[in-house]
Amino acid sequence: MRKHNMQLLIFSIAFCLFHQSAGADQKKWDIERIKDANGNIVSLKILNRDNKSVHQELRDFTATHPEHVVQGGVDVILRDINFDGNDDILVFESQPLRSDVLYLYWIYNPVSDKFECTDPDPHDNLCRIDADELDHEKKQVVDFYTDNAVTHGTRYQIWKDGKLITVKEIEEVISNSG
């Protein structure tokens, strides 16, 4: 039952993030998923919606995700995550032993006309975001997290020079003592 509830939570968060995106008529890209023999996404072809030509290919990653995420259509999302008015790319990434929802991301750069990883992890050169909510009014990425059974929190982040910077964090430690 607990595993089912976690799957439902992950699907709900991803579904909400997906449905907050702009209408399909505003999109200029289609995304083709390239998968390995295990069903993991290993590259993306970004296609120009008008003429179906390959605009860019994103490679050198492996994104594993539960089947319910694929069936829900939220394994790859076009969404403006840095609040500049351009769609960016999010790829759901399942992480063992983590309860939060992680995405690989590439930010659209209108100058280069390419999707770019703007703040790569030094270990694998991939960009990740834990975005439970995107607050377009405040231009903040909101992350609800659980560190362990008793520590929970909310992290508010803004984009600065292509990187997420935490501007506020509220942490709650639940104690059994009276």
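**Entry 1: a word to start with**

I call a residue buried when its relative accessible area is under 20%, exposed when it is over 50%, and partly exposed in between. I keep in mind throughout that this is a predicted model.

With that in hand, I looked up cysteine 127. Its relative accessible area is 2%, so I note cysteine 127 as buried. Then I checked cysteine 117, which comes out as partly exposed because its relative accessibility is 26%.

**Entry 2: the disulfide**

How many disulfides does a search of the whole structure find? I got 1. The bond joins cysteine 117 to cysteine 127, with 2.0 Å from S to S. These two cysteines are 10 residues apart, and each is in the loop between strand 7 (114-116) and strand 8 (128-129).

Is this disulfide right-handed or left-handed? The torsion about the S-S bond is about 100°, so I wrote down right-handed.

**Entry 3: the whole chain**

I counted 2 helices and 12 strands.

Of the 178 residues in the chain, 39% are buried. The chain exposes about 10,400 Å², and carbon and sulfur atoms supply 49% of that area. I also looked at contacts between residues at least 6 apart in sequence: 40% of them join residues at least 24 apart.

**Entry 4: an open sheet**

A reminder to myself: strands of a sheet pair through backbone hydrogen bonds, either parallel or antiparallel.

Here I found 3 strands forming an open sheet in the order 1-2-3, with antiparallel pairing. Which strands are at the edges? They are strand 1 (29-35) and strand 3 (54-58), since each pairs on one side only. On average, neighbouring strands of this sheet are turned by 20° against each other, direction ignored.

I zoomed in on strand 2 (residues 41-48), which is joined to strand 3 by 4 bridges. For lysine 45, I found the bridge partner in strand 3 to be glutamate 57.

**Entry 5: phenylalanine 144**

My last stop was phenylalanine 144, which I located in strand 10 (residues 140-146). Is it buried or partly exposed? Its relative accessibility is 42%, so phenylalanine 144 counts as partly exposed.

What does phenylalanine 144 touch, leaving aside its neighbours within four places in sequence? I listed Asp132, Glu133, Gly153 and Thr154 as its contacts. I followed up on threonine 154: phenylalanine 144 and threonine 154 are 10 residues apart in sequence, and their C-alpha atoms are 4.5 Å apart in space.

Methods
Residues numbered from 1 in each chain as written. Predicted model: local features only at pLDDT ≥ 70, side-chain atom pairs only at ≥ 80, totals over all residues. Heavy atoms only, no water. Buried < 20%, exposed > 50% of the residue type's maximum accessible area, 1.4 Å probe, protein only. Contact = heavy atoms within 4.5 Å. Disulfide = S-S within 2.5 Å. Pairing = 2+ DSSP bridges. Axes fitted to C-alpha atoms, helices over the stretch in contact; angles between N-to-C directions. Areas by Shrake-Rupley, 256 points an atom, 1.4 Å probe, with all protein chains shown as cover.
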